[in-house]
Amino acid sequence: MRVTQSMLSGNMLRNLSNSYEKMGKLQEQVNTGKKVNRPSDDPVTAMKGINYRAELNNVEQFARNIGEAHNWLDTTDDTFDKIGSTIQRANELMVQASSDTMTADDRKKIDSELQQIREHIQNLANTKIGDRYIFSGTKTTTPPFDGENFVDDPAFTKPIEIEVFSGIMLPINSTPIDVFKDIDKMLEDISTAIQVGASGSELGAHLSTIDTNMNKLLETRAGIGALQNRVELMDTRLQSQEVIATKRMSENEDIDYEKTITQMITQESIHRAALSVGAKIIQPTLADFLR
């Protein structure tokens, strides 16, 4: 086959163009730190990257849900702690009131404090996170205590569930509306008994009711504690999953800088050699003879 000068020049230009393209691709990888900068670079790697990124986004969303669960459960536990302290104070007052040494005026003072305790618990029942009542079941825009009575609504006994992992739902609220009603009724009965002049022994009978309601509150709080532990376990699992997903995505997409820079330097040397050889292949022009 006859090889012409134009064929040599065309081959040289094509090889130089390919060399430039390879250098440009390696330079882009070094600049971005990614093996794939557009799907056409490596469709398989690009698709894997999309899947890994979607998995990581899901993990981040579950982590935000876990944070919301912590917020609700911690607030609920703190509220129950305050209610428990308040009932304990009511128990102390009733022990004093049931003593026959107490006068009617003393018991009126105790009744005054018990009424404040009752009002305090009514306020705690309306605890909110943001603009949502946490003890209203799924009806979070309605307060459990409307200012006069505790509201009767089936929605108040329904749990709010949140997804904390793929396919795993956890309740983040407590539905103690019946406990609130029992405590409120208990304090109302005690106040009525004091106001009608009940004897010490009659008032002492209310101590067992206080114990009963305290136990109900503790049982409800124990359930919240169990949920907090479960959320902690899921949080730990999510953190591990985030590390794994990030590592997989990095291994799939990120370049090995040492390897890529070495490849770029090697390609640059090849390109320089090609230019040198090309300069010898191209015949001298008329201008070269005229110089």
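These legends go with close-up views of a predicted model.

**View 1. Phe80 and Phe135 stack on each other.** Searching the whole structure turns up 5 aromatic pairs, and here is one of them: the ring centres of Phe80 and Phe135 sit 5.6 Å apart, with 20° between the planes. The partners come from distant parts of the chain, 55 residues apart. Phe80 belongs to helix 2 (residues 43-97), while Phe135 is in the loop between strand 2 (132-133) and strand 3 (161-165). Both Phe80 and Phe135 are buried.

**View 2. Phe135 also meets Phe180, this time edge-to-face.** The planes of Phe135 and Phe180 are at 75° and the centres are 5.3 Å apart, so this pair counts as edge-to-face. Phe180 is part of helix 4 (residues 177-195) and Phe135 is in the loop between strand 2 and strand 3, so the pair ties together parts 45 residues apart in sequence. Phe135 and Phe180 are both buried.

**View 3. Five Phe rings join up as a cluster.** Zoom out from the two pairs and you get Phe80, Phe135, Phe145, Phe150 and Phe180, linked by ring pairs.

**View 4. Arg237 sits over the face of Phe165.**

**View 5. His206 is tucked away in helix 6.** Helix 6 covers residues 206-253, and His206 is in it. With a relative accessible area of 17%, His206 falls under the 20% cut-off and therefore counts as buried. Leaving aside residues up to four places away in sequence, His206 touches Met94, Asp189, Ile190 and Ala193.

Methods. Residues are numbered from 1 along each chain as its sequence is written. This is a predicted model: local features need pLDDT of at least 70, side-chain atom pairs count only at pLDDT 80 or more; totals for chains, interfaces and linings use all residues. Side-chain values use heavy atoms; hydrogens and water are left out. Helices (H or I, at least four residues) and strands (E, at least two) are DSSP runs, numbered from the N terminus. Buried means under 20% relative accessible area, exposed over 50%, partly exposed in between (1.4 Å probe, protein chains only). Contact means heavy atoms within 4.5 Å. Rings of Phe, Tyr and Trp (its six-membered ring) pair if their centres lie within 6.5 Å; planes under 30 degrees apart count as stacked, over 60 as edge-to-face and the rest as tilted. A charge sits over a ring if NZ of Lys or CZ of Arg is within 6 Å of the ring centre and within 35 degrees of the ring normal.
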